[in-house]
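Thank you all for making the time this morning.

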Amino acid sequence: MASKFYVVWAGRETGIFTDWTTCKKQVDGFNGARYKSFLTREEAEAAFGNAKSSAGTGRAATSGAKIKTYNAAEVNALPEEIKIFTDGGCEPNPGKAGSGLAMYEDNKVTELWYGLYNPMGTNNTAELNALHQGLLLARDEIAKGKTAAVFSDSQYSIQCVTQWAIGWEKAGWKKKGGEIKNLELIKDIYALHQTLKDKVQVLHVNGHVGVQGNELADRMSILAIESRETEFARYREPLDIPAILATRAG
């Protein structure tokens, strides 16, 4: 069953939320609360954005939508069978960049991936590349009949693909105030996300706060930099989690 999307127009926090528990916290006991559920993210974004516009804010349709950050317990409690964690690293920034990914099935790690080394990359391109690979893997798992969610610690990447690109596309891939950096990469990921948005949630986690999947993806991004692997390759060594986590963090 597809997840619903909850718009809160008046509450402790306003925006679009992807689970009822978080939405309820914003509206329960709040005087004058206004909220509604929608079956698709697109409907939710349109409803939230239209309300913003009618209020005269002049902001883009989803620019005010807050992103919930999931902690380890909340990640584990989510019902999706497949959970894919993505991360990017760059040393220095800009500089040597690489991407990493950790895939879990039923909350047990099954695959690690690393690569897309770029000697002249940035942290943002590395994060976007990782998110792209996560969505591709999620698409494959969905095709097998599985349910999937993708996690990133980059709010920039999530917002580019799930929020900002909607307005940029409508404006002919332009934005006020300057160029859209990493535009071609964002276009590719946005197009893919549009085909998956009703089936795959893209969720935010903080880095280095004990979310194991994020930590493993981080270590894979460093491995990508150290190995200079330009393809996106599956990690073929034994999945010795303590040993991998003991390697250098990004």
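This is a predicted model: local features need pLDDT of at least 70, side-chain atom pairs count only at pLDDT 80 or more; totals for chains, interfaces and linings use all residues.

When the whole structure is searched for disulfides, the count comes back as zero. Take Cys 160, which is in no disulfide, its nearest cysteine sulfur being that of Cys 90, 16 Å away. A disulfide would need the two sulfur atoms within 2.5 Å.

Now to a pair of helices. How do α4 and α6 pack, and at what angle? Helix α4 runs over residues 123–143 and helix α6 over residues 183–196, and the two pack at an angle of about 30°, their axes lying 10 Å apart. Angles under 35 degrees count as roughly parallel, and α4 and α6 are therefore described as roughly parallel to each other. The crossing of these two helices, α4 and α6, is left-handed. On the α4 side the contact is made by Thr 125, Leu 128, Asn 129, His 132, Leu 135, Leu 136 and Arg 139, while α6 contributes Leu 185, Ile 186, Asp 188, Ile 189, Leu 192, His 193 and Leu 196.

Is Leu 203 buried or exposed? Leu 203 is buried, because its relative accessible area comes to 3%. Setting aside its neighbours within four places in sequence, Leu 203 is in contact with Thr 18, Tyr 70, Leu 78, Val 150, Phe 151, Ser 152 and Ile 158. For a sense of distance, Leu 203 and Ala 138 are separated by 65 residues in sequence and by 13 Å in space, taken from C-alpha to C-alpha.

The next topic is backbone geometry. As background, most peptide bonds are trans, and most residues other than glycine have a negative phi. In this model the peptide bond from Glu 91 to Pro 92 is cis, with omega near -15°, and Asn 93 and Pro 94 are also joined by a cis peptide bond, with omega about 0°. Pro 92 is placed in the loop between β4 (82–91) and β5 (95–105), and Pro 94 too lies in the loop between β4 and β5.

Turning to phi, Trp 173 is not a glycine, and yet its phi is positive, at about 60°. Trp 173 belongs to the loop between α5 (155–170) and α6, and it is buried, with a relative accessible area of 19%. His 208, again a residue other than glycine, has a positive phi near 60°, and it is found in the loop between β8 and α7 (212–227). With a relative accessible area of 43%, His 208 is partly exposed.

That brings me, finally, to Glu 215, which is found in helix α7 and which is buried, with a relative accessible area of 12%. Leaving out neighbours within four places in sequence, Glu 215 is in contact with His 208, Val 209, Gly 210 and Leu 245.

Terms used
Residues are numbered from 1 along each chain as its sequence is written. Side-chain values use heavy atoms; hydrogens and water are left out. Axes are lines fitted to C-alpha atoms, for helices over the stretch in contact, and angles run from 0 to 180 degrees between N-to-C directions. Helices (H or I, at least four residues) and strands (E, at least two) are DSSP runs, numbered from the N terminus. Angles under 35 degrees count as roughly parallel, over 145 as roughly antiparallel, 65 to 115 as roughly perpendicular and the rest as oblique. A crossing is left-handed if the near helix is turned anticlockwise from the far one by less than a right angle, and right-handed if clockwise. Contact means heavy atoms within 4.5 Å. Buried means under 20% relative accessible area, exposed over 50%, partly exposed in between (1.4 Å probe, protein chains only).
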